[in-house]
Amino acid sequence: MRIRSGARFRPQQAGWAVVLLLAALVMPALGPGNALAAALAVVAAYLAGRRLDSLAASVSMLGAGILVAGALRLAADPSGAASRWLLDVLLVFAAVVLPWWWGRYRMLRTAQRRREHEVVAANARLLERTRIAQDMHDELGHELALIALGAGALEVDANSTEQGRRAAADIRERAAQAIDSLHAIVAMLRQDTSNGAAPLVPAGESIQALVARVRTSGLQADLEQVPAPPGTPDPPREVQAAMHRVVQEGLTNAARHAPGAEVHIGIDEGKDPVTITIENRRTSPAPAVGTGGSGLAGVAERLRMLGGALEAGVHGQDFRLVARIPRSSRLPEPGPGPGTLALGPAPVDGSVAAELADVRRTTRSRQWASALLPLGLATLLAGILVTVQVLTVVDNALAPSAYAQLRVGQARAEVVALLPAGGLDGPTPMIAETPAPGNTTCIYYQARNGFLDFSTDMYRLCFGHGVLVSKDHLLPRNEG
């Protein structure tokens, strides 16, 4: 029972790949000022993340959108393409990549929960098959063994006619074949698995009624019981069912392996644990406890879960079955325990727990692979921004303290000594600029005081006839 998953690009998902590509292209073209376009891009990217299984297709579409946006910027205006493309990448990261990643994360979590449900459901079906197999073995095997025993008695009855004896022999052979077929079906259904489910007990049938019923089939069985002391509470239902099951299996084995032999059943309820002893003269090889598909193996496992024990073996010419069951025993509640994991209504054994762990491990691996794109892009953008900031401060930033030392009318040679090596030919698009004096040459500088200063203000220095004609502090448009 292995449930695997993998991300495969299916043709019907091509539409979602196109949607993701368009979101990565439209967002830079319209810019952050268009709120409706930004909202549509966020929703489209999120839905594409929820629907598009293929990680490779998603990364390809996002990468293609970013590269095409850069190519369009370069074709439109080569001089300012780099700075505008960097802004485009920031927009795509915030409005497309992050919503896509969140949608994909939710998709993977939903797929994980669905696969876990499938694993637990498959386990529950297997447990139910095992319970049905055990009940089939217990009830049908018991009844078929009694049918074979009754037919054998008719076959050797001196009062039976030759035709009757042949019919009885045919019934006995068919019952034996049915028992063999039943064992094969039970072995297939159980798949070497035992769930410890309580065996079915005919409604209202006591152990005394069970023994009386098998006597009518020709089995010679006697029952000797030692009752519990007065005032002792009745054992729990699980213990009563286990006692009935032990006697039933003992009688079935006697009918199958020692037809015609007398069976003695002793039940001692006067002590704790309750002891059940079943003996019969052995006429064929004795069954072995633990044989795959055997009823004795199921009984032994049942008693083990109740804290009891089963002993079965040959004693001289007899086969003896001894069961000990604590009076106050109860089956463990389905839930966490050694080698189990509680998830849903059915107990989950160690193999299923390993399958669930594999599902979760696969999901985590896919989630980390999906997170590499936003993490890598964020790291790249952070590196670019840090580089730009350092280069700006080194080449184009004028500290406010140096700006304050400048005086209008000061010779340009004196002013240049206080200026950085670079300088800009014009202001950034977000700056509100007042008209410059006529017949002057102006140089622009970022108004920043060190690497950690991210101010968008700018300084404008205008020179004419070798002297500083004007100095202006330029502010962004929303502050001007």
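These legends go with a set of close-up views of a predicted model.

**View 1. The whole chain, before zooming in.** The protein chain holds 11 helices and 11 strands. Of its 480 residues, 39% are buried. If you look at contacts with a separation of 6 or more, 71% of them come from residues 24 or more positions apart.

**View 2. Helix 1 against helix 2.** Here we have helix 1 (residues 14–30) and helix 2 (residues 35–51), packed at an angle of about 155 degrees with their axes 9 Å apart. Angles over 145 degrees count as roughly antiparallel, and helix 1 and helix 2 are therefore roughly antiparallel to each other. Their crossing is left-handed. From helix 1, the residues making the contact are Trp16, Val19, Leu20, Ala23, Met27 and Leu30. Helix 2 answers with Ala37, Ala38, Ala41, Ala44, Ala45, Leu47, Ala48 and Arg51. Sorted by type, the residues of this contact come out as 13 nonpolar, no polar and one charged.

**View 3. Helix 6 alongside helix 7.** Next up are helix 6 (residues 207–215) and helix 7 (residues 237–257), whose axes come within 10 Å and cross at roughly 15 degrees. Since angles under 35 degrees count as roughly parallel, that makes helix 6 roughly parallel to helix 7. Helix 6 goes past helix 7 in a right-handed crossing. On the helix 6 side you'll find Ile207, Leu210, Val211 and Val214. They meet Met243, His244, Val247, Gln248 and Leu251 of helix 7. The tally for this contact is seven nonpolar, two polar and no charged residues.

View 4. Strand 4 (residues 309–315) pairs with strand 5 (residues 318–325) in the antiparallel sense, over seven bridges.

View 5. Leu306 lies in the loop between helix 8 (295–305) and strand 4. Leu306 and Pro326 are 20 residues apart in sequence, but their C-alpha atoms are 7.4 Å apart in space.

**View 6. Thr363 inside helix 9.** Thr363 has its place in helix 9 (residues 350–396). With a relative accessible area of 0%, Thr363 is buried. Which residues does Thr363 touch, leaving out those up to four places away in sequence? They are Leu108, Gln112 and Arg115.

View 7. Strand 8 is joined to strand 11 (residues 467–476) over two bridges, in the antiparallel sense. Within this part of the sheet, Ala432 stands opposite Leu475 of strand 11.

Terms used: Residues numbered from 1 in each chain as written. Predicted model: local features only at pLDDT ≥ 70, side-chain atom pairs only at ≥ 80, totals over all residues. Heavy atoms only, no water. Axes fitted to C-alpha atoms, helices over the stretch in contact; angles between N-to-C directions. Helix = DSSP H or I, 4+ residues; strand = E, 2+ residues; numbered from the N terminus. Parallel < 35°, antiparallel > 145°, perpendicular 65-115°, else oblique. Left-handed = near helix turned anticlockwise from the far one by under 90°. Contact = heavy atoms within 4.5 Å. Nonpolar A, V, L, I, M, F, W, Y, C, P; charged D, E, K, R; others polar. Pairing = 2+ DSSP bridges. Buried < 20%, exposed > 50% of the residue type's maximum accessible area, 1.4 Å probe, protein only.
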